[in-house]
Amino acid sequence: MEKLRRVVNKIAYTAPLSRNLSKLSPLQCSLLPLLFLSSSFYTIALSLRNLLYRHRLFHQHRLPVPVISVGNVTWGGNGKTPMVEFMALWMANSGISPLILSRGYAGGDEAKMLQRRLVGRSAKIGMGANRAATAAHFFERYGYMDPGPATFLKRLCVDQTMGSHLDSDKIGVVILDDGMQHRSLWRDLEIVMVNGLMPWGNCHLLPLGPLRERLTALRRADVVIVHHADLVLEQNLKDVELMMREIKESLPIFFTKMAPSHFLEMGNIDSKMPSRSVCDKVVLCVSAIGFANAFVQAIERLGALYVDRLDFSDHHLFQAKDVEVIRMRLGELQDKFGLKPVVAVTEKDYDRDPEILKNLDPFQVWILCSNLQFITRDGCSEDGFKKLVKQILEAKL
């Protein structure tokens, strides 16, 4: 199954597909008719579903507090989870207790990471496919703030250093993690994340391509954030902007990156190591995330002597056989360079199963910790983003 996922992923990000068939393997080419047929059925079902929502034949459930959705139009690697964390911290620091609703896909690795990173904050995390029911359970347990716009917006404007002094136990806002396609819940703000390094893949819908919806779905967005923008050529960023503006001319667009802050060491998770600890090290990047290229480039930028990689499909649960493959690669690197290599993983990979990677002993496993940061570009900045969010919510609430 893991091999099949990699094969399909390769097809999805071969662009343009029609002019690059020669680059595909015989196995990949043999899958194209089936993927094309499946994508056609998916397109029909998606179009019908959106039509029913557009004409209000499908009901959207309203929650008693403002709802902020963070989602995307393609599968993984768009920065949804870091953006959810950013929004949750902003709300919590403003004295507004956020409830993050996650579907808990593949064991809930993203939710586990958020739980660890937000420990000590007023943020609450609920997992479940039925997000309305999950929200109702949390509202019953904790209660919720006065849903009036004046109350919410007044707190959102409070100096963030005052947040800890405010009553933040009652839920004041809901944040939908991966919420764009979860249309059964009404949202007051739609934030769409776009991977600047690989925005649309081959421009086909699932499973032939990475698109979960047609790009025209961006018309529903209130704000778009182009992630990994620091790794993208200026002209490519302009091209991405132009394409989105052709769909929705008035669309506000911001830019973010992941800024490495430190490493955590497996077995000593409470101790932080400087991000430059990888300087002059041989590093094997092991990851099972949506877009590993940005992770690998981050390690390279930190000054590693040599960087190798082993990529697995998004949300993959490491097994004993995977550990053996990793150990074999580590042995090859040690023989080649005469140095004991270090394994680098992402926080998401660590939180998915903290125990399995301990089996790589005596090789060290380091967890790269990074924070989402806004990039100031064309007058757009973090402060500008926050002001816009307040304006949109004020208008909608």
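In the predicted model, helix H1 (residues 2-12) contains the buried residues Glu2, Val7, Val8, Ile11 and Ala12. The cover over these buried residues of H1 includes helix H2 (26-54). Between H1 and H2 runs a loop that holds Pro16, and the peptide bond leading from Ala15 into Pro16 is cis, with omega near -15 degrees.

Helix H2 also contributes to an open site on the protein. Seven residues of H2 make up the largest share of the lining of the second largest pocket, which has a volume of about 760 Å³. The lining comprises 28 residues, of which Asn50, Tyr53, Arg54, Arg183 and Arg220 are the closest to the centre of the pocket. By class, this lining is made up of 13 charged, nine nonpolar and six polar residues.

Rolling a probe the size of a water molecule over the atoms shows where empty space is left. The count comes to one cavity of 30 Å³ or more, and the volume of the largest cavity is about 40 Å³. Its lining consists of Ser102, Arg103, Gly104, Tyr105, Gly108, Glu110, Ala111, Asp177 and Asp178. Four of the lining residues are charged, three are polar and two are nonpolar.

Two of these lining residues, Glu110 and Asp178, also take part in salt bridges, of which the whole structure has 24. Glu110 pairs with Lys348 at an N to O distance of 3.3 Å. Asp178, in turn, forms a salt bridge with Arg212, with 2.7 Å between the closest N and O atoms. Asp178 is located in the loop between strand S4 (171-177) and strand S5 (189-195), and Arg212 in the loop between S5 and strand S6 (223-227), so the pair ties together parts 34 residues apart in sequence. Asp178 and Arg212 are likewise buried.

Lys348 has a further partner in Asp314, the closest N and O atoms of this salt bridge being 2.8 Å apart. Here the link runs from helix H10, which holds Lys348, to the loop between strand S10 (306-311) and helix H9 (320-337), which holds Asp314, the two residues being 34 residues apart. The burial of the two partners can be set against the cut-off of 20% relative accessible area, under which a residue counts as buried. Lys348 is buried because its relative accessible area is 11%, whereas Asp314 counts as partly exposed because its relative accessibility is 25%. Elsewhere, salt bridges link Glu85, Arg116, Arg117, Glu347 and Asp351 in a network.

In soluble globular proteins, nonpolar side chains tend to be buried together. The largest nonpolar core of the model has 36 residues, and those with the most contacts inside it are Met83, Met87, Met91, Ile191, Ile225 and Phe385. Helix H3 (residues 80-93) gives the most to this core, with seven residues. Leaving aside residues up to four places away in sequence, Ile225 touches Met83, Ile191, Val192, Met193, Val194, Phe254, Thr256, Phe374 and Phe385.

Met243 is placed in helix H7 (residues 234-247). Its relative accessible area of 32% is why Met243 counts as partly exposed. With residues up to four places away in sequence left out, Met243 touches Trp200 and Leu215. The C-alpha atom of Met243 is separated by 33 Å from that of Leu27, a residue 216 places away along the chain.

Most residues other than glycine have a negative phi, and most peptide bonds are trans. The loop between S5 and S6 contains Pro207, and the peptide bond from Leu206 to Pro207 is cis, with omega near -5 degrees. Cys203 lies in the loop between S5 and S6 as well and has a positive phi of about 70 degrees although it is not a glycine. Cys203 counts as partly exposed because its relative accessibility is 46%. A positive phi, near 70 degrees, is also found at His315, in the loop between S10 and H9. His315 has a relative accessible area of 9% and is therefore buried.

Key
Residues numbered from 1 in each chain as written. Predicted model: local features only at pLDDT ≥ 70, side-chain atom pairs only at ≥ 80, totals over all residues. Heavy atoms only, no water. 1 Å grid on protein atoms, 1.4 Å probe; cavity = no way out; pocket = protein on both sides within 12 Å on 5 of 7 lines; lining within 4 Å. Points joined across faces, edges and corners; volume = space filled by probe spheres on them. Nonpolar A, V, L, I, M, F, W, Y, C, P; charged D, E, K, R; others polar. Salt bridge = Lys/Arg side-chain N within 4 Å of Asp/Glu carboxyl O. Helix = DSSP H or I, 4+ residues; strand = E, 2+ residues; numbered from the N terminus. Buried < 20%, exposed > 50% of the residue type's maximum accessible area, 1.4 Å probe, protein only. Contact = heavy atoms within 4.5 Å. Core = buried A, V, L, I, M, F, W, Y, C linked by side-chain atoms within 4.5 Å.
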